[in-house]
Amino acid sequence: MKKVFSILVCTVLFMSFSCKQEKKAEGPTQMEKVMAIHDEVMPKMGTIGKLVGELKAKVDTTEMGQKYEVAMKDLQEANTAMMDWMKDFGDRFNSDEILNGKELSEEKQQWLDEEEEKVKMVKEKINSSIERAEALLAQDSVQ
């Protein structure tokens, strides 16, 4: 009887470890993917600030000055989009869900689907506004 019990305990432990290993082998969770997108674009916020400063100094009433203003506003909107997304995301999920992989309710899973789409749009907005601003400033330095 002791031998059967020992084998049963070993089997349960082995199964629990192998299930955890399989889960890790599957790849990142959706929450980890969302946070990876955030982590990828968050360092670009400093670039946005720097570019806004460069563009602001060039804004005037000329045609080129107006282009600088449009690029500056695009960057500011991208910055605001990121700040709003982070606030909304933090309001919807707690640190256990974000950092520790706590299982989500059905409603929160739907929210995560929404937040994934939102953060992808924020990423696109940040990257495209930076590209346009840098191209505009590079064009100016060539002239």
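In what order do the elements of the protein run from the N terminus on? Color by secondary structure and you'll read α-α-α-α-α-α: 6 helices and 0 strands (DSSP runs numbered from the N terminus, H or I of at least four residues for helices, E of at least two for strands). Before going on, know that this is a predicted model, where local features need pLDDT of at least 70 and side-chain atom pairs count only at pLDDT 80 or more, while totals for chains, interfaces and linings use all residues. Numbering starts from 1 along each chain as its sequence is written, and side-chain values use heavy atoms, leaving out hydrogens and water.

Next, select helix 3 (residues 44-56) and helix 4 (residues 63-92). Their axes, lines fitted to C-alpha atoms over the stretch in contact, come within 9 Å and cross at roughly 155°, on a scale from 0 to 180 degrees between N-to-C directions. That makes helix 3 roughly antiparallel to helix 4 (the angle is over 145 degrees). Show side chains: the contact (heavy atoms within 4.5 Å) includes Ile 48 and Leu 55 of helix 3 and Leu 75 and Met 82 of helix 4.

Of its 30 residues, Ile 48, Leu 55, Leu 75, Phe 89 and Ile 126 touch the most other members. Helix 4 gives the largest share, 9 residues.

Last stop: Phe 89. Leaving aside residues up to four places away in sequence, Phe 89 touches Met 31, Val 34, Met 35, Ile 98, Leu 112 and Glu 115.

Terms used. Parallel < 35°, antiparallel > 145°, perpendicular 65-115°, else oblique. Core = buried A, V, L, I, M, F, W, Y, C linked by side-chain atoms within 4.5 Å. Buried < 20%, exposed > 50% of the residue type's maximum accessible area, 1.4 Å probe, protein only.
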